[in-house]
Amino acid sequence: MNQKNIPLEELLGASKGSIYELTILAAKRAIFLTDGEKPLVEKPGEKVLDNALREIREGKIKVKEGK
């Protein structure tokens, strides 16, 4: 993050406590942003991974429920 890092604890809720799921979620969202998808939380000049993590922290995206 540009000003300070987001604590892991603030991100794990989006992945039900799984670091693996959180990593996949952040990577996929960063790829979608790189491919031109509009950010849900926009901050000019922010890197796509930072933006993806910010969206996760703010609850804008979460891991989908599986079977």
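## Salt bridges

Across the whole structure, a search finds four salt bridges, each being a side-chain nitrogen of Lys or Arg within 4 Å of a carboxyl oxygen of Asp or Glu. The model is predicted, so local features need pLDDT of at least 70 and side-chain atom pairs count only at pLDDT 80 or more, whereas totals for chains, interfaces and linings use all residues. Residues are numbered from 1 along each chain as its sequence is written, and side-chain values use heavy atoms, with hydrogens and water left out.

Arg29 pairs with Glu37, their closest N and O atoms lying 2.4 Å apart. Arg29 also forms a salt bridge with Glu55, here with closest N and O atoms 2.5 Å apart. This second pair links distant parts of the chain, since Glu55 belongs to helix 3 (residues 48–57) and Arg29 to helix 2 (residues 19–34), 26 residues apart; helices are DSSP runs of H or I with at least four residues, numbered from the N terminus. Glu46 and Arg54 form a further salt bridge, with 2.6 Å between the closest N and O atoms. Through shared partners, salt bridges join Arg29, Glu37 and Glu55 into one network.

Accessibility is classed as buried (under 20% relative accessible area), exposed (over 50%) or partly exposed (in between), using a 1.4 Å probe and protein chains only.

## Helix 2

Helix 2 comprises 16 residues and spans 22 Å from first to last C-alpha, close to the 22 Å expected at 1.5 Å a residue; the expected span is 1.5 Å times one less than the number of residues. Its buried residues are Leu22, Leu25, Ala26, Arg29, Ala30 and Leu33. Viewed down the axis of helix 2, the buried residues fall within an arc of 125° and therefore line one face, the arc being that of the directions from the axis to the C-beta atoms. Tyr20 and Thr34, on the other side of helix 2, are exposed.

Terms used:
Helices (H or I, at least four residues) and strands (E, at least two) are DSSP runs, numbered from the N terminus.
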